[in-house]
Amino acid sequence: MTTKFNFNGEISDELSISVMDHGFLFGDSIYEVVSTFKNEPCFLDKHLDRLHNSAQAISLKIPRDREWFREQLQKTLIAAGNKESYIRILVTRGVGEMNIDPSSCEHPAIILIVMDVTEYSKSCYEKGIRVALVSIKRNPRDALNPNIKTGNYLNNVLAKIEADKLGAQDAVMVNPWGYLTEGTTSNLFFVCDGHIMTPSMNCGILSGITREMVIQLAKENGFHIEEGKWPGEELLKADEIFLTGTLKKVMPVSHLDGRPVGSGKPGPITLKLLRLYDDLLTKRA
Ligand code: PDD
């Protein structure tokens, strides 16, 4: 159970950063969470693509190329020596003056964190998790586009706090116009009459890598899948609901707002997609 930090290429057991880093002061940073299979990063190219897109969207110039990230990640994974790892890649605006203007930050900080992974329990996958449709709205795209994976996660933190108060393990948010978006750290799918539905990008969501894989798997396996826009109430009619994400993989939802979803047990389409996704991770190795 080792945690290793890599700060601009230097590996250590502990890491402190300056409180004058704008990542700390203003959430002015971007990040990725990557999982491993046999301690090799999964879908690393896609995560690095998204990191670079996020950087571009906040006008942050990452001073290193992809090869550097790959090499440093490999070194840090070896130094940590875990069976499987949780990887967090962060790029902060860097140290600057005590004001919001990013122009005083000359050197972005690149931080890699590699730690032992805490997976969701087997019982979550067998029984499903409880979610709540919360009142906190997902940020609109023209305010802070949810498709930028920034270190500014307060929108999601507030949704999670509300879900906790409602006795749920996670939250689903709608956008300011009442259309379904996503979970706090996951994308949303639901099934009605055998059809799979997932909010489209223009509802204001993160383009999840697991989401993309699940859509592809669903299509390849003959499911009817639709990306679109649905009001929050639509979720109450669902026979199955599941969330997707790097850590959750394909996570069945058993209860919505305290009421069972379908039979209250993970549904057949959810379980099939979970199996297909697990197979995909295994095959890649
Ligand atoms: N979160 N939506 C949000 C808001 C997310 O934060 C995440 C991922 C996803 C799913 O994306 P992906 O399938 O690429 O992991 C969707 C990571 C796991 C996190 O912040 O911990």
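Residues are numbered from 1 along each chain as its sequence is written, and side-chain values use heavy atoms, with hydrogens and water left out. As the model is predicted, local features need pLDDT of at least 70 and side-chain atom pairs count only at pLDDT 80 or more, while totals for chains, interfaces and linings use all residues. Helices (H or I, at least four residues) and strands (E, at least two) are DSSP runs, numbered from the N terminus.

Buried positions in α3 are W68, F69, Q72, L73, T76, L77 and A80, where buried means under 20% relative accessible area, exposed over 50% and partly exposed in between (1.4 Å probe, protein chains only). Seen down the axis of α3, these buried residues fall within an arc of 155°, so they line one face of the helix; the arc is that of the directions from the helix axis to the C-beta atoms. An α-helix has 3.6 residues a turn, so residues three or four places apart point the same way.

Helix α3 covers residues 66–80, and Q72 lies in it. The relative accessible area of Q72 is 6%, so Q72 is buried. With neighbours within four places in sequence set aside, Q72 is in contact with N6, G9 and L112, contact being heavy atoms within 4.5 Å. Just after α3 comes G81, with a positive phi of about 60°.

Helix α5 (residues 154–165) gives a similar set of values to look through. For its 12 residues, 1.5 Å a residue predicts a span of 16 Å, and the end C-alpha atoms are 16 Å apart, which agrees. N155, N156, A159, E162 and A163 are the buried residues of α5. Viewed down the axis of α5, they fall within an arc of 120°, so they line one face of the helix. This buried set packs against β8 (170–174), whereas the face of α5 turned away from the buried side carries the exposed residues L154 and K165. Following α5 is G167, whose phi is positive, near 80°.

At 1.5 Å a residue, the 12 residues of α6 should span 16 Å, and the end C-alpha atoms are 17 Å apart, which agrees. Its buried residues are I209, T210, R211, M213, V214, I215, L217 and A218. After α6 comes G222, with a positive phi near 80°.

Two packed helices are described by the angle between their axes and the distance between the axes. Helix α2 (residues 44–57) packs with α6 (residues 209–220) at an angle of about 130°, and their axes are 10 Å apart. Axes are lines fitted to C-alpha atoms, for helices over the stretch in contact, and angles run from 0 to 180 degrees between N-to-C directions. The angle makes α2 oblique to α6; angles under 35 degrees count as roughly parallel, over 145 as roughly antiparallel, 65 to 115 as roughly perpendicular and the rest as oblique. From α2, K46, H47 and R50 make the contact, and from α6, I209, E212 and M213. By class, the α2 contact with α6 holds two nonpolar, one polar and three charged residues. Here Ala, Val, Leu, Ile, Met, Phe, Trp, Tyr, Cys and Pro count as nonpolar, Asp, Glu, Lys and Arg as charged, and the others, Gly among them, as polar.

Backbone angles also deserve a look. Most residues other than glycine have a negative phi, and most peptide bonds are trans. N8, which is not a glycine, has a positive phi of about 50°. The loop between β1 (4–7) and β2 (10–12) holds N8, which counts as partly exposed at 35% relative accessibility. K249 is also a residue other than glycine with a positive phi, near 55°. K249 lies in strand β14 (residues 249–256) and is partly exposed, at 22% relative accessibility.

Technical notes:
Expected span 1.5 Å × (residues − 1).
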